[in-house]
Amino acid sequence: MIEKQTQPIQPIQPIIGIDLGTTNSLVAFNDASGSVLLGDDPIVPSVVRFNPDGTTTVGTAARDGAIEFPLTTIHSAKRLMGRSLDDVQADLQYLGYQVVQGDHNTARVLISTDAGERLISPQEISAHILRSLKERAESSLDTQITKAVVTVPAYFDDAQRQATRDAGRLAGLEVVRIVNEPTAAALAYGLGTGGTQPKTIAVFDLGGGTFDISILRLTPSDDTNPVDFFQVLSTAGDTHLGGDDVDHMLVQLFMNEINEQFGIHIKGQGFDASTRNALAQFARSVKHTLSENDSASVRIDLGNDRVYERIITIEEFEQLVTPWVDRALAACDRAIRDAKNQPGGDTIDALIMVGGSTRIPLVQTKAGSFFGIEPYTALDPDQVVAMGAAIQASILSGTTTGSLLLDVVPLSLGIETAGGAVAKLIMRNTTVPTKAVERFSTQVDGQVNIKLNILQGEREMVEDCRSLGEFELRGIPPMPAGVPKLVVEFFIDANGILNVSALEERSGKRASIQIVPNHGLTAEEVDRIEQESFTHAREDMTRHQIADLIANSTLDLKWIGEQFEKHKDELDEELRLDLDTKMTTLTQFIESAKSDWSSVDPNEFHIAKEALDHASVRLQEISIAASLQHDPT
Ligand code: ADP
Ligand code: MG
């Protein structure tokens, strides 16, 4: 008899995904439940300082010390990768450190410290960043890492790609695949897995110092083509357009006003680097605040009782940055024109927002209206490239096939309603694209903000479902409970991206959120959730029924109670007593159900509610008649 010999299981070497950015770099890893960014603060500034003692400082500490050590702090090394001094002439004015011609016609950085002068290649500088990311991954994953997928801009030529590989090798990382940044972003949104139709995808990447627009054509795998295929139809951009420009515009505004108010020329009158550094910090923080709020305030103490104070409104900010956004759109126009000459290049099916600067709302709205489609913003725009790199890495290592993408909705989607129940708008197994609309109102008088909690799962109560995100509809004028008319719409597009929008019809207030529902879901999890819903089906249904009964009865009691107080003298004795008893009974049901839902029989509860509703018909007539008398219109 022969027995199958058990093979020792080969530990799979994890492959990490790296976004090696001009401004910021990130490392991510894709496990069974999706991509996770590694490190407490996953964003590592792409800045390296060469210290006199031969050591280096990488990341936030290096960036924050840039003003203090201008000649030894190197940022934006990515601009020099695989280029000659001639290639980078236009960049030199922005770099602030010395770049010279090195061997083989390549750009080198000249660093002078007390220990002397050193020529350093851009690959070495990038290697310091990569090594720091590798160490970060090793401590997060608690294992040695030697392989990575690294992203580069779609327009990088062979020399620039080779330089990126070399940087990896210097850092002790084998770069198993170089992936285009826009392709990685599309992978993170799940566009590269599943699906059968070819698609054209625009990736709008506005970072710290560069703007790239790429138009990709995705051809899904089929019988003749075993893998999904991304082709770059066109690229355009501006190598000196990014969030840094906005910081400069704001600093300029502050300096001009400080000059007008106090006659101080910050550059001239002995104001040191630290003041200018502080101004830049203020500018960045104002900019970030205005991505979330309608105004931001600055207060700068200039000494000698001179305080510069200012509130910047979103309108003012948007006016300031409009020409800047328009420069990005001009590049989009070129990319679209180039793509049009190619098959599939005449329509855009998806628009993905990438890069920290796309958090600026004006950038999103202007890009959306330029392309005529709702941009994808559901994933964090400064993490999406690293997430995609990690997905590519896990596909290469054979550990996963990427996120779950199906042409049906794998789990139901809904929102939280009163009492912690879930109102399902889209049921599982619905084919995408799909849309559902449902009407709601409020439970409390004078509610001016309505919170919407988006849930996924098959169970009936919020606590048993997965919350995908929350958003708030703010600034509704106070109205009695039940009066606001809230229309909630769920729309899942052909790529599985969920857009939830809420409109309060009386006030016209709107709010919306975008979510990737399948992000972080595995097929096993979907199965488990489905199983659990069967096990708990009956109990869940009762709980949901009771939550609804509590909510509806509370509203009924409130209204009937008010009218009863007003008109009880007009009712005959028998009806008055009857109503009083029935209100008390229903109140008791609510109380008991609130303290322990399982102690209440939903049928009896329902009967008590119906009984009160029937008994109150006469009261309703009286109150309507009275209101007509008061208000003859
Ligand atoms: P890169 O790809 O060039 O390395 P990132 O995509 O990380 O850069 O983008 C960095 C830029 O994004 C910076 O200019 C930063 O100020 C900007 N940024 C980050 N968060 C926000 C925000 N909330 N609002 C506006 N700009 C932001
Ligand atoms: Mg980037």
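Colleague: Where does Pro343 lie?
Modeller: The model is predicted: local features need pLDDT of at least 70, side-chain atom pairs count only at pLDDT 80 or more, and totals for chains, interfaces and linings use all residues. Residues are numbered from 1 along each chain as its sequence is written, chains are lettered from A and ligands numbered from 1 in the order written, and side-chain values use heavy atoms, without hydrogens and water. Helices (H or I, at least four residues) and strands (E, at least two) are DSSP runs numbered from the N terminus. On that basis, Pro343 sits in the loop between helix 8 (314-340) and strand 18 (350-354).

Colleague: Is Pro343 buried or exposed?
Modeller: Buried means under 20% relative accessible area, exposed over 50%, and partly exposed in between (1.4 Å probe, protein chains only). Pro343 has a relative accessible area of 69%, so it is exposed.

Colleague: How far apart in space are Pro343 and Ala62?
Modeller: In sequence, 281 residues separate Pro343 and Ala62. C-alpha to C-alpha, the distance between Pro343 and Ala62 is 46 Å.

Colleague: Which helix gives the most to the shell around ligand 1?
Modeller: A residue is near the ligand if one of its heavy atoms lies within 4 Å of it. The residues that surround ligand 1 number 17. Helix 6 (243-262) and helix 7 (273-289) each supply at least two residues of that shell. The top contributor, with 3 residues, is helix 7.

Colleague: What lies 2.7 Å from an oxygen atom of ligand 1?
Modeller: A polar contact is a pair of N or O atoms within 3.5 Å. A backbone N or O atom of Thr23 lies 2.8 Å from a ligand 1 oxygen. For a polar side-chain atom of His288, the distance to an oxygen of ligand 1 is 3.1 Å. The 2.7 Å value belongs to a polar side-chain atom of Lys287.

Colleague: How are the rings of Tyr189 and Tyr376 arranged?
Modeller: Rings of Phe, Tyr and Trp (its six-membered ring) pair if their centres lie within 6.5 Å; planes under 30 degrees apart count as stacked, over 60 as edge-to-face and the rest as tilted. That rule gives 6 aromatic pairs. For Tyr189 and Tyr376, the centres are 5.3 Å apart and the planes at 35°, so the pair is tilted.

Colleague: How many residues apart are Tyr189 and Tyr376?
Modeller: Both Tyr189 and Tyr376 are buried. Tyr189 is in the loop between helix 5 (181-188) and strand 13 (199-206), and Tyr376 in the loop between helix 9 (361-371) and helix 10 (384-396). The pair links distant parts of the chain, and the separation is 187 residues.

Colleague: Which residues does a cis peptide bond join?
Modeller: Most residues other than glycine have a negative phi, and most peptide bonds are trans. Here omega is about -5°. Pro433 lies in the loop between strand 20 (421-426) and strand 21 (434-440). The cis bond joins Val432 and Pro433.

Colleague: What is phi of Asp305?
Modeller: Asp305 lies in the loop between strand 16 (295-301) and strand 17 (307-313). With a relative accessible area of 81%, Asp305 is exposed. Its phi is positive, in a residue other than glycine, and near 60°.

Technical notes: A polar contact is a pair of N or O atoms within 3.5 Å; within protein, one must be able to donate a hydrogen and the other to accept it, and residues adjacent in sequence count only if both atoms are side-chain atoms.
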